Amino acid sequence: MSANNTSNGTSAVLPAQKAPNKLNGNPPSSPSIHDASTLSDVRATLAALHVRETTITNRLDALLSLQADLSRELGRLDLLRANLGSQVIATRSISNGMLSSAADTAGRLSGRVKTLDLEKDRVQQTLKVVEQVAELKACVHGVVGSMGAPQDWEAAAGYISRASKVPEPIIRGGFAASMVPSVEVPDAPWVTLENAKESLCGLFLREFEKAAKEGDGAKVTRFFKLFPLIGRGDVGLDVYGRYVCQGVAGTARSTLRAVPGDAGRKDGFFYANALTKLFEHIAQIVENHGGLVERHYGEGKMVKVIERLQMEADVQGGIILDSWGDERGVDRKITDAKSYPFSFLVHSFLPPQRTLTGTPRMNSPALGSGTNTRNSEDEGLDMKEVDGLLSEISVMLGRWSLYSRFLAGKCRDPNTPEDAPLSLPEVVTKSNLSRKISGKLTSPYNSLALFFFRRSVEKAFQLDESPSGLSLSLNKPIDGNAPYIVSAVDDVMYIVSAIIQKAMSTSQRDVAANVIPDVGRILGTDFIGMIQRRMRDESYPQAVVSGGLPPENKIVAFIVLINSLDVAKDYLARIITTQLGISPDQPNGASHANALAASFPFEHDVTFVTSALNTLNSTFSIKASELISDALKVLFTNVVKQRLKPVLVEAFRDADYWQSEDELAEIARQNDEDEDELIDRVQRRFENGWDALMKPIGRLITAKTFTAIVDLTASDLSKTLEKRIWSYGGKISAYGAIRMERDFSGIVSTVAKGNYSVRELFAKVTQILMVANMEDEEWEELSGDDVEDSIEWVLSEDERRRARNLVKT
């Protein structure tokens, strides 16, 4: 221990000898005795050495004081190490002497337990095999016994069903082959069971067919339930499918033979009713028998029966459609429809032919007279027959849609979420009837609907009548009620509503995809085109004499055609919103789009149909709005603008804004007039002229188009008034500027009566007069830096300075 302490103490002291240089940080330039040259240098060096000595001595004393504690702790550690060594020796002796034998015993016990578990498992497996073989033997003997004298077919099928639950390796194993056979049943068990299945299957088939012929429904159901018990479910479903198909075929044939003679077949919905009964019969079978099939044959097995029923539906539905096509002469009607010339529409779009005298022919199709107003029967197609045919096809397509939707629901995967859209099953899409529906119903419907609508448009314009008794004279009363439109608008839009409604009732995407765009195309070309041609060739408001006004009848006819386009837009928008299920009468514009989704439940059909309807509405609205805009510009340029000029001339006749207030009062006294009446003369004259010009138009034209024509007039009038103001530059007194602002404000109020937004069109006129009448102080304030923040100017800075100089001081 002393040696250790000595070594430790030495080791503690040695580092301390070098520490002062590092800790004290004596600089290399500290005084050195070797460098001392004077007595003071020697004393300084000696003092530094004394300081170092004192520091080192203190540190050594501190280390020596800690040496006793350190030696004591090291001694304690040596004692603990000695004790731990003895404990380790004792522990090793215990482990080698006691625990090793216990570990060996535990290992032997674990091995014995595993062996016992294995033996137990083997015994249980052996017992299970024995029990299965015993069950197999009981089933085999039960089958043979039941098929003997008792002829208990349900029991025999039950025994086979029980035997089918025994694993196949057990049935064909050697143990079963040695234990099951007996004197009564010498064959191997699998041979006996297979023979019994074949025998029972044949027996069940014979009994099922016999019961089917006898019409014994209870017996049919009895044997139908036995097929899956003997492992012949496919045979049972097939024979059951043939059985129900026989009923479907018999019912379909009896339906076609139900009405003797041709009288019933010529009924407009005879074949539609026959097809409906076919679909209803099949749906009833699937609905009523589906539970029985699913219960005895398993979930999803009804699909196989549905496939067999669809094959019969292909046959019987094809017969109905072929008979219908022959009876109605559909192919001939389609040929006639595709070759129909539409002579009236074609000639109407040709340039008007004129004789040598320059007058159009009276028999021109454009005039709707002469031999061109022939009936549709003369063209080889009866419109009533076509309409009836479309109605019959729409009914059949609607029934086919309901039938397809029903089968889609029955064939749907049970794991499919309820809110997932339906999809057509392959049993429908790949069926012959689906292809025949497309060829015999959908395609003819699209062709005939196109012909029917275009021919209806043509007929509507052939029989078109304009409202009578209309006049621009306010003194003449008007017969009838607004809006004043041509009769073709009501006729055409009625047909549009009917044909779209009929197309929607089919619930067929292919029909909607063809009929809706065809309606939009015919409306955009034929309907709008006919009105446009009449505007251009028959009712264009053009003056007969240069500088004169157009004839009144031309103006009235032109306004009626503008009304017709505006009302047609509203009618079509109303039709589309009705079809989309949007009712403006419902609170907050509630939508009943679920009705449309119910009609088109398959995947994205409802989105497609909604888009097609909205496209029809927007496309027609755009085309009609463009033509209305052009027509209103013509009406303004040729009628309103020509009559507005004399109104302004009359309003500003004798208007002199150079006169002072006293001069104006003197003129009033000389002419024996009231001064206020003289001041308001311009406003009063303009208001009388404006009412005489616009009120006759306003009582004939629709509200929206009247607002538009007023906007056009106001826009042009504002420019005219602006020019008139600038023309008075330097000719206006201070009092005259006040009168001018009052007169022009009165004109603006007259034009904007009932439509305040029109005032915005006169903003420039208003600001010019406001600047002209400002006091100098106000003008100086507005000329500051924040002028843009105080007033929203429509005048440029130059125009404001020019307006300020209008009044001559």
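Which residues are linked with Arg533 in a network of salt bridges? The network joins Arg533 to Arg536, Asp537 and Glu538, where a salt bridge is a side-chain nitrogen of Lys or Arg within 4 Å of a carboxyl oxygen of Asp or Glu.

The model is predicted, so that local features need pLDDT of at least 70 and side-chain atom pairs count only at pLDDT 80 or more, whereas totals for chains, interfaces and linings use all residues. Residues are numbered from 1 along each chain as its sequence is written, and side-chain values use heavy atoms, with hydrogens and water left out.

**Salt bridges**

Side chains of opposite charge can pair when their charged atoms come close.

| Pair | N to O distance |
|---|---|
| Arg242 and Glu209 | 3.8 Å |
| Arg455 and Glu458 | 2.5 Å |
| Asp537 and Arg536 | 3.1 Å |

In the salt bridge between Arg242 and Glu209, Arg242 belongs to helix α8 (residues 233-256) and Glu209 to helix α6 (residues 189-214), so the pair ties together parts that are 33 residues apart in sequence. Helices are DSSP runs (H or I, at least four residues), numbered from the N terminus. Arg242 is partly exposed at a relative accessible area of 31%, and Glu209, at 37%, is also partly exposed; the term covers values between buried (under 20%) and exposed (over 50%), with a 1.4 Å probe and protein chains only.

Arg455 and Glu458 are three residues apart in helix α15 (residues 432-462), which means that about one helical turn separates them, and both residues are buried. In the pair formed by Asp537 and Arg536, Asp537 is partly exposed at 29% relative accessibility, and Arg536 is partly exposed at 48%.

**Helix α17**

Helix α17 (residues 509-537) has 29 residues and spans 41 Å from its first C-alpha to its last, close to the 42 Å expected at 1.5 Å a residue, the expected span being 1.5 Å times one less than the number of residues. A kink of about 35° is centred on Leu523 in α17, the bend being the angle between axes fitted to the seven residues ending there and the seven starting there.

Leu80 lies in helix α2 (residues 39-146).

Technical notes. Helices (H or I, at least four residues) and strands (E, at least two) are DSSP runs, numbered from the N terminus.
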